[in-house]
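Reader: I would like a close look at one residue and then at the annotated site. Please keep it plain.

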Amino acid sequence: MQMKSDTTKGLALPPFSSSHLKYLSLSLSLPHPLCWREMASYQQWTLFVSLLCLVSATMGAPPRKPISVPFGRNYQPTWAFDHIKYFNGGNEIQLHLDKYTGTGFQSKGNYLFGHFHMQIKLVPGDSAGTVTAYYLSSQNAEHDEIDFEFLGNRTGQPYILQTNVFTGGKGDREQRIFLWFDPTAAYHSYSVLWNLYQIVFFVDDIPIRVFKNSKDLGVKFPFNQPMKLYSSLWNADDWATRGGLEKTDWSKAPFIATYKGFHIDGCEASVEAKFCATQGQRWWDQKEFQDLDANQWRRLKWVRQKFTIYNYCTDRVRYPTLPPECKRDRDI
């Protein structure tokens, strides 16, 4: 396992708010020569204008605020129905794992692009050997997949969050981070923004990973296979904790993960659909969601510097040649 990934490189911009940008834009429109004399020099004015253009060009936005709905609005159980418990009128559920079985659920619809959000409280205490998964996946041999996998650990040891992206049946793009909070003590938000330009993984609205559309570099990108959402709690003690060295302690069963929110804002499509009928018209297609903004890149850099424990982009044993998407994703 590699150590922390390299930090991103480039110009560090101050965090301009929308009010700052409005003031700067108004300042540019003022015709009076006194406005020009406020600049110390022509060079300063040029830098000022260049900075404004750069900030404006990279202006992004957070996803729209999710709307909580009952479980049954968007999801249905898939297996071991009796291991799913419902509370608060179906607004909260628990998945139970015991020695006999785990359980899981899936979305009722298939989606091409959108924003998918879940609030989860992970298995507390000794969760070694267990995996709580929340992911999107298509349903054919050369499938696409976008994964959150929470790898349990012994009591007192931190959870590991593993993310992965499969395109055209190819995965092996694992990244692993520690979380900066206890994910078992309270609900936290985990979401994916997926459009034609990028896939962004968020934890509590902080981007922890971006996977850009790099088709021009020969890297497949999920764009024409509708995906369902899935979540499950299952035993994976052959690999989940310390490579399988730590086994599940069944005396601690049942292991329980709790969910609420169940937000889906996506383009629903049939399994056979190759494009979204409203492509280009939805909020996630707009320019401000085609890239992260400067503040989002800065927060992603913070996650990479402080919490990354493995990044396939820096693993020269597995990948002697740098995967082409890594530079565009600023993973090196």
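What does aspartate 204 count as, going by its relative accessibility?

Author: The model is predicted, so local features need pLDDT of at least 70, side-chain atom pairs count only at pLDDT 80 or more, and totals for chains, interfaces and linings use all residues. Residues are numbered from 1 along each chain as its sequence is written, and side-chain values use heavy atoms, with hydrogens and water left out.

Aspartate 204 counts as partly exposed because its relative accessibility is 26%; buried means under 20% relative accessible area, exposed over 50%, and partly exposed in between (1.4 Å probe, protein chains only). Aspartate 204 sits in the loop between strand 11 (198-203) and strand 12 (206-212); strands are DSSP runs of E, at least two residues, numbered from the N terminus. Its phi is near 50°, a positive value in a residue other than glycine.

Now the annotated site. An unreviewed UniProt entry marks Glu145 and Glu149 as "active site"; such annotations may be inferred rather than shown by experiment. Glutamate 145 belongs to strand 7 (residues 145-151), and glutamate 149 is also found in strand 7. Glutamate 145 is buried because its relative accessibility is 13%, and glutamate 149 is buried at 14%.

Beyond four places in sequence, glutamate 145 has contacts that include Tyr135, Asn164 and Met227, contact meaning heavy atoms within 4.5 Å.

Key
Helices (H or I, at least four residues) and strands (E, at least two) are DSSP runs, numbered from the N terminus.
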